[in-house]
Amino acid sequence: MPSYAFLTGRFTPLEEAKIGIMTHALHYGTAVFEGIRGNWNPEKKQLYLFRLKEHYQRLINGARVLKMQPKYSTSELCDITVQLAQKSSLREDVYIRPLAYKSTEGMGVRLHNLDDDFLVFIIPWGAYLDMESARCSVSTWRRPADNTIPPSVKIAGMYVNNAFAKTEAAENGFDEGIMLTPEGHVAEGSGENIFLVKNGRIITPPVYNNILVGITRDTVITLARNELGIETEERPVDRVELYQADECFLTGTAAHLTPVSEIDHYRLNSNGAGSITTQLKRLYFDVIQGRCPNYMHWCTPVYPD
Ligand code: PMP
């Protein structure tokens, strides 16, 4: 099945979509990106793009921080993406990767006096953390402070920090690394936000603890409030709270909602199958696959009904 990309204003078969070796973003990480899921609903034979608008709003906000000139509005970006998905005619779970990047082919570390462009491609992609529950370790790599590289923006170059944490965890036999803030509070996984459940309360690190403010995080906070009647506490989390949690789970576009069974060899009370986690996971998958009438405003159908 051919996949397509949208590059320099045109749809192109994915294998023909290339950029030059001198492109600024390749050398200095001067790009912002998104990850968007399309979730296949086999009963309705429909592909639903999840919270498309919110992903593009985050991209546009990030592009501003990197001093890029917006070429397209949020609604134009959404239209391009729906067209791209239709062209690719995939009938399975997909992943969409938009990138706003400094496109000048030239050297010199800076943000100013550079052209920028937008590309997006779509590929079939199933589970990312392909497991019932994840075993995690606390990383020796810390999240950067906002005045180092702002972690609330999905800046391509910053992801070397995340890659260090992920590979350290993998080489030590874990599935995911959990990074702390420079001061030592829990921040997030290398590609996911983190939630704890303790005595029936749901807790997650706050925006000011060096996290990427996840769209899945917001989805879960909303579902917990509306469907379970639980208000999530957004507050600094100490490392030791990870070891004492009843339940823990990770959220992210790629990882969906993945329960955590173990952190630094401490087995959690729930062992990865806690009841609040299980309820939220079931709700989350129903919502993203377009099975919940109350949340269809988050799901953009790709194909005509
Ligand atoms: N934190 C980091 C570092 C991430 O890369 C991601 C993935 N975008 C997330 C959290 C989760 O964000 P979202 O739910 O918007 O995918």
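**Exercise 1.** What is the handedness of the crossing of α2 and α3?

*Solution.* The model is predicted, with local features requiring pLDDT of at least 70 and side-chain atom pairs pLDDT 80 or more, while totals for chains, interfaces and linings use all residues. Residues are numbered from 1 along each chain as its sequence is written, and side-chain values use heavy atoms, without hydrogens and water.

Step 1. Helices are DSSP runs of H or I with at least four residues, and strands are runs of E with at least two, numbered from the N terminus.

Step 2. The axes of α2 (residues 52-65) and α3 (residues 74-88) come within 9 Å and cross at roughly 125°. This angle makes α2 oblique to α3, a class left over once angles under 35 degrees (roughly parallel), over 145 (roughly antiparallel) and 65 to 115 (roughly perpendicular) are set aside.

Step 3. The crossing is right-handed, the near helix being turned clockwise from the far one by less than a right angle.

**Exercise 2.** Identify the residues through which α2 and α3 meet.

*Solution.* With contact taken as heavy atoms within 4.5 Å, α2 contributes L52, K53, Y56, Q57 and I60, and α3 contributes T74, L77, C78, T81 and V82.

Notes:
Axes are lines fitted to C-alpha atoms, for helices over the stretch in contact, and angles run from 0 to 180 degrees between N-to-C directions.
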